[in-house]
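Thank you all for coming.

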Amino acid sequence: MKTNKITLIAVIILVLANATASKVAAQDLKGNISISGAFALYPITVKWAEEFKKINPNVKIDIQAGGAGKGITDVLSKVTDIGLVSRDLNAAEFKKGAFAIAVTKDAVIPTISATSPYRKVLYEKGVKKEAFNHIFITGKYKTWNNLGFKSEAPIHVYTRSDASGAAETWAKYFNKKQEDLQGVAVFGDPGLAQAVKRDPSGLGFNNIVYIYDTKTNKPTNGVVPVPIDLNNNGKLDPDENFYYDIDQLIAAIVSGKYPSPPARDLYFVTVNKPTNPIVKEFIKYILTDGQKFVQEAGYIKFSKEKIAKELEKVK
């Protein structure tokens with residue numbers, strides 16, 4: 001009996017010692033992390049930073065949005081520690097030392113103003129991929145009449161002016177590049193959303209978090225998704241209409257109903273494999289405890305297998 005008590009006391013001391021060591025380690029983590037890049041990753045990165053600093057109060061994290069192009073440029077020129085990139089990296093970037101760690105996933109969604117007079121019918125018919133191609137790439141479709149409406153009103157097409165992962169991913173849906181996209185170029189995800197919101201004849205594209213309100217889970221930010229007629233039958237079937245709220249859309253992305261692209265992984269990029277202890281701990285946190293904030297913020301959680309694969313990159 002006495003032996004059991006001694007063993008129990010030893011276990012308790014060991015647990016307390018480990019807890020104290022962990023607490024001291026967290027408090028001893030000091031320094032700065034600088035981050036810039038994709039508007040798509042900016043909101044969730046801010047949340048991750050806030051939560052990380054609660055357990056590491058001596059770490060300062062500076063985050064600036066500016067587009068994926070800025071993120072990759074800043075990190076490769078060593079202006080920042082981490083670049084936020086919302087597209088696949090290319091061979092030239094890898095050759096310069098870019099090291100990509102996927103941290104979450106989202107999707108680029110075509111959008112119209114919530115005040116659009118075409119909204120009701122679009123949710124009955126959807127828009128075929130070919131039609132989007134003729135609007136955004138070839139420029140063949142210039143009026144709403146081309147989409148089956150009795151209206152010669154022009155389609156006001158909007159795209160991105162900055163080097164954008166969203167624009168690159170939307171263009172990739174048509175096997176093209178961002179520079180192939182037609183339309184009035186607007187800076188940033190918030191700017192493009194505002195341009196479309198103000199224009200009942202406008203058509204653009206946005207990342208999920210700039211369409212849906214994460215408190216209501218509904219598209220209540222003044223723009224609404226344009227549903228894609230995935231099977232090209234000229235109508236929006238029930239299994240294609242998954243835009244009512246974030247949960248429906250995320251389920252469609254996870255199941256593969258919503259195509260990839262325009263769904264895509266989002267990346268933290270460093271120069272070569274990260275060696276800075278603070279950067280490594282922040283990335284490890286994001287891929288472990290930080291994942292609990294992903295879905296509520298309007299993003300898609302990775303599978304356990306995907307998380308394990310990405311964690312291997314920072315060991």
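Let me begin with H2 and H10, which are roughly perpendicular to each other, a term that covers angles of 65 to 115 degrees, whereas under 35 degrees counts as roughly parallel, over 145 as roughly antiparallel and the rest as oblique. Before I go further, please keep in mind that this is a predicted model, in which local features need pLDDT of at least 70 and side-chain atom pairs count only at pLDDT 80 or more, while totals for chains, interfaces and linings use all residues. Residues are numbered from 1 along each chain as its sequence is written, and side-chain values use heavy atoms, with hydrogens and water left out.

Helices here are DSSP runs of H or I with at least four residues, and strands are runs of E with at least two, numbered from the N terminus. The axes of H2, residues 42-55, and H10, residues 277-286, come within 11 Å and cross at roughly 115°; these axes are lines fitted to C-alpha atoms, for helices over the stretch in contact, and the angles run from 0 to 180 degrees between N-to-C directions. On the H2 side, Trp48, Ala49, Glu51, Phe52 and Ile55 meet Glu281, Phe282, Tyr285 and Ile286 of H10, where contact means heavy atoms within 4.5 Å. These residues divide into seven nonpolar, no polar and two charged, with Ala, Val, Leu, Ile, Met, Phe, Trp, Tyr, Cys and Pro counted as nonpolar, Asp, Glu, Lys and Arg as charged, and the others, Gly among them, as polar.

Which residues of helix H3 are buried? In H3, residues 68-76, they are Ala68, Gly69, Gly71, Ile72, Asp74 and Val75, buried being under 20% relative accessible area, exposed over 50% and partly exposed in between, with a 1.4 Å probe and protein chains only. Their cover includes strands S1 (31-37) and S9 (263-271), as well as helix H7 (165-172). Just after H3, Lys78 takes a positive phi of about 65°.

Strand S7 holds Asn206, which is buried, with a relative accessible area of 0%. Beyond its neighbours within four places in sequence, Asn206 is in contact with residues including Ala107, Ile109, Asp189 and Leu192. Ser201, in the loop between helix H8 (189-197) and strand S7 (202-207), counts as buried at 15% relative accessibility, and its contacts, again leaving aside neighbours within four places in sequence, are Tyr118, Trp144, Pro154, Ile155 and His156.

Asn175, in the loop between H7 and strand S6 (184-186), has a positive phi near 60° and counts as exposed at 71% relative accessibility.

Finally, the whole protein has eleven helices and nine strands, and its C-alpha trace spans about 90 × 50 × 30 Å along its principal axes. Buried residues make up 52% of the 315 residues, and among contacts between residues at least 6 apart in sequence, 74% join residues at least 24 apart.
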